[in-house]
Amino acid sequence: MPRMQAATRNTPIEAAMNAIANPRRRQILRLVWDTERSAGEIAATVDEVSWPAVSQNLRLLKDSGLITERREGTHRYYRADRRALGPLEAVLRQMWTRDLGRLRDLAEQEARSRKNRHD
Amino acid sequence: MIEDLTGAIEITQRIEASPEIVFAYLTDSQRFVRWMGVGAELDARPGGRYRIDVDGVHIASGAYEIIDPPRRLVMSWGWEGHPTVPPGSTTVEITLTSDRGATVLKLRHLGLPGEGERRTHTEGWVQYLSQLAAAGGRH
């Protein structure tokens, strides 16, 4: 599933933040938090003007991994995938690994420029 | 090198710079903000507090417990407003070891919620993100 791979390249927190930045998408997420609901049911409940807009938000939530889609005949059903954000350890490990890599680059740069001044 | 401990993260990083330079990046606000977050206020002395604006939305904060330049730093760590990891709930320990002109930095993040709390935590995490996103929308 290439879409899933694209979504998981972001950190879980980044993908989730993007997905829930929109109040309509937060409303959809709450709707399907505990219960699987059909696309039609979701469209009838959310304060969205048009079906294409609802459909686009469902796709974005799905791509970010926050909800899963099940197809049955011509119907589509959605529910929240609460595992999508992953355990806290994974989020923190990514954060520290990325940031300590930056610290290394900066400290090494400073060490080189100090050495050059002294030479 | 990353290894998993129970309720802990351990990361080791070799840096081709002296421990004095690396320690300055951990404790000096101006240097610190260049590698972590978008804003930081650090009062790096025992009992002093810090506040890091991680990404314009999440605020990490805590207090320094041990400051032993240029070797060791221990601080409490948490996200403000977070349901399961609030400030004071976890501990970050950073040790610096001199090695042939370079520094071996070891970071341990201890006291994280365990396996049993994972489900609760994940729910809390989504709620937390939702609250933050809602708060962001008001500005």
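**View 1. Y64(B) pairs with M75(B) in β6 of chain B.** The model is predicted; local features need pLDDT of at least 70, side-chain atom pairs count only at pLDDT 80 or more, and totals for chains, interfaces and linings use all residues. Residues are numbered from 1 along each chain as its sequence is written, while chains are lettered from A and ligands numbered from 1 in the order in which they are written. Strands β5(B) and β6(B), the latter residues 72–79, run antiparallel and are joined by 6 bridges. Two strands pair if DSSP finds at least two bridges between them. Helices (H or I, at least four residues) and strands (E, at least two) are DSSP runs, numbered from the N terminus. A hairpin of 3 residues connects β5(B) to β6(B).

**View 2. Strand β4 of chain B runs antiparallel to β5 of chain B.** Residues 49–53 form β4(B) and residues 59–68 form β5(B), with 5 bridges between them. R49(B) is opposite A63(B) of β5(B). The hairpin has 5 residues between the strands, and G56(B) there takes a positive phi near 90°.

**View 3. The largest nonpolar core has 30 residues.** Such a core is a set of buried Ala, Val, Leu, Ile, Met, Phe, Trp, Tyr and Cys residues joined through C-beta atoms within 7 Å; buried residues have 20 or more other C-beta atoms within 10 Å of their own, with C-beta atoms placed from the backbone. A107(A) and V22(B) touch the most other members. Elements that each supply at least two residues include α6 (88–118) of chain A and α1 (19–27) of chain B.

**View 4. A second, separate core has 13 residues.** Among them are I28(A), L29(A), I42(A) and V54(A).

Definitions and conventions
A residue is buried if 20 or more other C-beta atoms lie within 10 Å of its own, exposed if 12 or fewer, and partly exposed in between; C-beta atoms are placed from the backbone.
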